[in-house]
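Here is my note on the model, point by point. Please read it with the structure open.

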Amino acid sequence: MQLKKILSLGLISIPFLINAQTLKCPPVDRYGNANQKFDLTVGAGPTFLYGDINHKTNTGYAGVLKFDYKLYKGLYIGLEGQLGRLTARGNDNVLEPDWDPRFVENQFYVTGLFNATVYPYRFFVNERDLFRATGIEKYVLNGFYVGIGAGVIFNNYAKIERGTSFRFRASDGTEIVQEIPEGIVNGPYELVERYDEAGNLVAEKQFKNKTRDFLFPVVSAGLAVPLNKYSSYYRAGYYSLVVNTQFTFSRGEDVDGYDPVAADGTTASKYNDMYNFTSLGVRYTF
């Protein structure tokens with residue numbers, strides 16, 4: 001009798017098992033949330049530096065590696081590292097009103113960030129329901145996120161223009177000489193003591209090639225579009241395409257290599273340096 005009951009229950013459960021396999025339902029917790037806790041993202045893209053240079057071009061490039069841990073539903077915390085190049089070049093045509101002879105190019109920069117990421121839609125959806133939802137819900141609303149973070153950037157400069165006198169030759173052969181104030185090309189430096197020819201101890205300004213700045217806030221927004229989440233089992237993990245844009249604000253003036261000062265020695269910068277990094281990447285969720 002007991003055997004018949006077991007067999008009957010087994011037969012009754014077969015349609016439900018088949019239906020669950022057809023839906024390819026993910027493993028979820030008791031709240032209906034997917035139990036994958038980790039995101040690992042790799043990406044690359046262009047950087048755009050904004051600082052004291054009246055730039056004509058400001059495009060560089062960088063790569064990113066980011067690791068996130070899910071605290072609850074759509075709330076994640078993570079660590080992020082960037083490696084790349086920041087560059088900006090002013091308009092070198094002395095005859096134009098926006099002429100700016102300054103330029104900067106990093107040999108490389110390294111950024112370390114701690115950030116928090118929020119997926120707003122995930123606080124209001126059950127993971128099981130997404131398998132029956134529309135494409136907009138699955139791929140856009142569920143994948144949209146915003147983030148905020150803080151960190152530090154290490155710069156290793158390759159080329160910086162520190163000159164104050166510039167000579168140009170016009171089309172008619174006339175030589176044009178342009179002078180700019182020394183304070184305009186001021187940057188991060190240290191005072192180095194030495195003895196002059198008369199034996200007097202003097203301190204000279206020596207510009208730094210390596211600097212460090214603290215970053216806050218670092219704000220970002222992006223979209224993570226799952227590639228195989230809804231078409232295959234993903235108990236081990238699944239992949240997503242990630243598009244992200246990030247605005248990084250420095251707490252100092254050294255990111256672009258210049259910290260201009262006025263004639264009285266006060267700072268001539270209105271705003272601290274910042275840069276944008278827009279990347280395309282691949283994420284593995286597990």
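1. Start with a buried ion pair. Arginine 102 and aspartate 100 are both buried. Their side chains meet in a salt bridge, at 3.0 Å from N to O. Bear in mind that this is a predicted model.

2. Next, a pair that spans the chain. The side chains of arginine 85 and glutamate 105 form a salt bridge, 3.5 Å from N to O. The two residues are 20 apart and link distant parts of the chain: arginine 85 sits in strand E4 (residues 75–85), glutamate 105 in strand E6. Why does arginine 85 count as partly exposed? Its relative accessibility is 23%, and the partly exposed class runs between the buried limit, under 20%, and the exposed limit, over 50%.

3. Arginine 169 and glutamate 175 meet through their side chains in a salt bridge of 3.9 Å, N to O. The cut-off for a salt bridge is within 4 Å. Arg167 joins the picture too: Arg167, Arg169 and Glu175 are linked in a network of salt bridges. Arginine 169 counts as exposed because its relative accessibility is 58%, and exposed means over 50%. Glutamate 175 has a relative accessible area of 41%, so it is partly exposed.

4. The overall tally. How many salt bridges does the count come to? The count comes to nine. Side chains of opposite charge can pair when their charged atoms come close.

5. Now the surface. A nonpolar patch is formed by Leu40, Val42, Leu65, Phe67, Tyr69, Leu71, Tyr72 and Phe286. Together these residues have about 720 Å² of accessible area. Strand E1 (38–50) and strand E3 (59–72) each supply at least two residues of the patch. E3 gives the largest share, five residues.

6. Phenylalanine 67 lies in strand E3. Is its side buried or partly exposed? Phenylalanine 67 is partly exposed, because its relative accessible area is 35%. Patch residues need over 30% relative accessible area, so the 35% of phenylalanine 67 passes that cut-off.

7. Inside the protein. Two cavities of 30 Å³ or more turn up in a search of the whole structure. The second largest cavity holds about 210 Å³ of space. Its lining has 23 residues, and the closest to its centre are Lys66, Glu80, Tyr145, Asn244 and Gln246. Several strands give two or more residues to this lining: E1, E3, E6 (103–118), E7 (144–160), E12 (210–226), E13 (238–250) and E14 (274–285). Which element gives the largest share of the lining? E14 does, with five residues.

8. By class, the lining of the second largest cavity has nine nonpolar, eleven polar and three charged residues. Lys66 and Glu80 are among the residues closest to the centre.

9. Last, the open side. About 170 Å³ of space lies in the largest pocket. Its lining includes Tyr50, Gly51 and Asp52, then Phe249 and Ser250. Ser269, Lys270, Tyr271, Asn272, Asp273 and Met274 also line the pocket. By class, the pocket lining has four nonpolar, four polar and three charged residues.

How values were computed: Residues numbered from 1 in each chain as written. Predicted model: local features only at pLDDT ≥ 70, side-chain atom pairs only at ≥ 80, totals over all residues. Heavy atoms only, no water. 1 Å grid on protein atoms, 1.4 Å probe; cavity = no way out; pocket = protein on both sides within 12 Å on 5 of 7 lines; lining within 4 Å. Points joined across faces, edges and corners; volume = space filled by probe spheres on them. Nonpolar A, V, L, I, M, F, W, Y, C, P; charged D, E, K, R; others polar. Patch = residues over 30% accessible without salt bridge, like charges linked within 9 Å, V, L, I, M, F, W, Y side chains within 5 Å. Areas by Shrake-Rupley, 256 points an atom, 1.4 Å probe, with all protein chains shown as cover. Helix = DSSP H or I, 4+ residues; strand = E, 2+ residues; numbered from the N terminus. Buried < 20%, exposed > 50% of the residue type's maximum accessible area, 1.4 Å probe, protein only.
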